[in-house]
Amino acid sequence: ARTMGSDDPNWLLVATGAERLFTVGLADGAVEDITARLPATWRGDRGAWSVAVDPQAPAVLYAARPGNVYLSDAAVMRSLDGGETWATLTAPAEGPD
């Protein structure tokens, strides 16, 4: 795992080195890949390198991905519903013309 976050004793949010995003149930060990729920970059890529959970509102999750050295497609994303839906908070990079 690259980073993990949780403010709930029942689950973890895990970003892997392969830019995948998972939830892990601590009681039952259930693992769910939620990468496909993240917004796509202009190239259609999805992924996260870093995650955080709001300690005051555990359903509010943040995920971030790094940018391209030559064309920034870095993004910070937020979910207000525990990871079901996500929105990009940073301005998206535009693809090449």
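Visitor: What should I know before I start?

Guide: This is a predicted model, where local features need pLDDT of at least 70, side-chain atom pairs count only at pLDDT 80 or more, and totals for chains, interfaces and linings use all residues. Residues are numbered from 1 along each chain as its sequence is written, and side-chain values use heavy atoms, with hydrogens and water left out.

Visitor: How many helices and strands does the protein chain have?

Guide: Both are DSSP runs, numbered from the N terminus: helices are H or I with at least four residues, strands E with at least two. Here there are zero helices and eight strands.

Visitor: Which strands form the open sheet, and in what order?

Guide: Two strands pair if DSSP finds at least two bridges between them. In this model the order is 5-6-7-8, with antiparallel pairing. Strand 5 (50-53) and strand 8 (87-88) are the edges; each has a single partner strand, so one side of each lacks a neighbour in the sheet.

Visitor: How many bridges hold each pair?

Guide: Strands 5 and 6 share four bridges. Strands 6 and 7 are joined by five. Strand 7 (residues 75-79) and strand 8 have two. Arg78 sits opposite Ala87 of strand 8.

Visitor: Which residues have the most contacts inside the largest nonpolar core?

Guide: In soluble globular proteins, nonpolar side chains tend to be buried together. A nonpolar core is a set of buried Ala, Val, Leu, Ile, Met, Phe, Trp, Tyr and Cys residues joined through side-chain atoms within 4.5 Å. The largest one here has 13 residues, and Leu13, Leu21, Leu38, Ala63 and Trp86 have the most contacts inside it. Strand 2 (11-15), strand 5 and strand 6 each supply at least two of the core residues. Strand 2 gives the most, with three.

Definitions and conventions
Buried means under 20% relative accessible area, exposed over 50%, partly exposed in between (1.4 Å probe, protein chains only).
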